[in-house]
Amino acid sequence: MTTEIYRDAWGVPHLRADDARSLARLQGLVTARDRAWQLEVERHRARGSSASFLGPEALSWDLLVRRARLDDTARRCFDDLDRRDPETADWTRAYVDGVNEGLRETARAGHAPGHAPEFARAGLTPGRWEPWTPLAVWLATHLLFAGFPAKLWREEAARHLGPEAVGLFATDGPGTSGSNGWLVSGDRTVTGQPVIAGDPHRFVEDPGVYQQIRLACDEFDVVGLAVPGVPGIAHFGHTGTVAWAITNAMADYQDLYRERLRRTGAGVEALGPDGGWRRVSRHTELVRVAGEEPVEVEVLETERGPVIAGGPEGLDDGTSGIPDAVPGASEADAVAGAPGSPDDAPGFPLAVSLRYPPRVTSDLGFQTLLPLLRARRVADVDRALDQWVEPVNVVQAADTEGGLLHRVAGRVPRRDAANGARVVPAWEPGHEWTGWHETPRAGLTDGVAVMANQRGLAARLGVEFAAPHRAERIRTLLAGRRQWSASDMAAVHTDTHLASAEPLLAHVSALDGLTGPAAALRERLLRWDRRMDADSEDAGRYAALRGAVVRRLAAHPAFAALTAPPAYPDVLLPWLALLPRIGFALEHLLRAEELYGVDRARLVREALEEAAGQPAARWGDTHRLAPWRALPDPAYRGPALDGDHDCVLCTSSVPGWTDLSARGPAARYVWDLARREDSRWIVPHGASGVPGHPHHHDQLPWWLEGELAPVVTDWARLKKESDDG
């Protein structure tokens, strides 16, 4: 067995082996050398044990992971994979073997220079990966990807404001992730071959969530963006003859059920849709917390799925504001839903269970990964993705023979429409899963396909989608010239035009009788080019105005009932916070014909006067990168950022709360089907996860400027690091 490690000028690993299994082991080994601390953090997060070294702030996440049974689901999925696709299971084991070998090197090195210093800071020693750990990491990474907590928000909003509130607040809320992606056919390129480009929008982490890598053996030679801790290249890859990329389809494939539970002498029971009580799977686990006493968690699972909030004693304050019982109603009346006992008042405490496809089917779709690496044509990618499970993605692919693909991949259950809109009662019939949706496909329009999480190809599979601004802007930019090259695509990646500013500026335009600074600010904003550039004072002034409007709306008595956080786990509360919801739905709230009696003209006038009284500042003075780190650095001050939430350059902050950006392009890529070596890519930080390493943050300046590094494919231009056979 021969294995070789090469590096390009950016430290990106190019790996070569005789066969796929040896290559998987080498990928795991190199990933552990480059990202040991990141892998250890992800292993703990997937097991629900991160509070053991990160402290109480990680406890709510750990409790969710334990209650959602992620580690057990990963084991089930791996066992199923081992039975149905033993080759992929063995390939995954080889990756884990490499990870464990690399982590042992880190443990032996201790505090030696060039190794992760975070282990010493946290007092942690790398642990052992199991064969199913990559599946657990994948589950943990995407548990909140479909945004199921938004159903809790929709229920709260409808309960306090009426059903029309669901539409008013419909937008991609805090915590969701998306992407831009576009496919340009050969008819629209200078080479006559397709180009695929885009950028996945996720929480920007340090080290990054995507790892540039090349995997080559006798069967295949693929460059792409891997997820550290997961073998292969799932989301963005180029084999030389075919390339693919994804965005979040915004599909709804996770359901929440309100459960009626009761504790008996024999255990815990749940009420089913047939009126019968059935035993709930139950056990307890101990969650260790650094610096505090361990926390015992009761893990329950009904026929719908694991209970993620509440239990036989209810939620933290009973039922998230829903009364436990109806005065004068008997338990029999409550169970039957008799008059005087509405469904939202069940007569005993409530809990919430989560139903998600891998838990139901014991299938995570890992059998897709090897066929993707072996793909030669679009048809190969298409067949591989027929087995994909989650997250549900919109996929674009192209090959050198003219093949094009634009489809949804993943598993979305068929069930009642109410399941997608809200938390549904487990004791009512009609909310069961009855099969799986066929995933839709589409062609190109004028040689172009654009995906940016908008309501489009996946519309019938979801409930809430991103605003259409990014997708429409990308189409407009691509229509601006007939012929495109790979090197031209950076101009699309970095576009900062903010179309969603229009409703607020329309309100500003309608104001009259302004004097002094407010009048001057009004005129300045109406002349503004609507570009959210970091060095723009006008963009900074607009953001100050927007924040003032959001805060005033959130403080209005009309929304007072939504200001108190419901009694759900802390990790779910970002989806339930009023101010971010108003910030991301601002254009809907400003355009609505009527808004619960709110005098929006007066509110905008007051906000304009407030903003006019503030010192002038450029957008980049406050709009700065704030990446997630497991061990935060209090002294860190991130660089200034161009862009904003609805720009193509999507660097998301939370209007009215903070201009800091924790979400943005976790990578950028351009796949050229004419010459793979003309492809480009970049990540926010660098190839190495080790602080102080030359390649730890060397890509950051290019990422900030919108520049892309070359994808090197000539082995002679790479530096050989070692033979690891």
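V389 touches P357, P358, D363, L364, G365, G410 and R411, leaving aside residues up to four places away in sequence; touching, or contact, here means heavy atoms within 4.5 Å. The model is a predicted one, so to speak of local features takes a pLDDT of at least 70, side-chain atom pairs count only at pLDDT 80 or more, and totals for chains, interfaces and linings use all residues. Residues are numbered from 1 along each chain as its sequence is written, and side-chain values use heavy atoms, with hydrogens and water left out.

Back to V389: it sits in the loop between α13 (378-385) and β16 (393-399). Helices (H or I, at least four residues) and strands (E, at least two) are DSSP runs, numbered from the N terminus. V389 counts as buried because its relative accessibility is 0%; buried means under 20% relative accessible area, exposed over 50%, and partly exposed in between (1.4 Å probe, protein chains only).

Among the strands, β13 (residues 295-301) is mostly covered, as 5 of its 7 residues are buried. β13 pairs with β12 (residues 281-287) in the antiparallel sense over 7 bridges; for two strands to pair, DSSP has to find at least two bridges between them. Within this pairing, L286 stands opposite E296 in β13.

Then there is helix α17 (residues 502-510), which packs with helix α19 (residues 537-555) at an angle of about 90 degrees, their axes 11 Å apart. Axes are lines fitted to C-alpha atoms, for helices over the stretch in contact, and angles run from 0 to 180 degrees between N-to-C directions. α17 and α19 are therefore roughly perpendicular to each other (angles under 35 degrees count as roughly parallel, over 145 as roughly antiparallel, 65 to 115 as roughly perpendicular and the rest as oblique). L504, L505 and V508 of α17 meet Y542, L545, R546 and V549 of α19.

α17 also packs with helix α18 (residues 516-527), at about 135 degrees and with axes 10 Å apart, so this pair is oblique. Here L505, V508 and S509 in α17 meet R522, L525 and L526 in α18.
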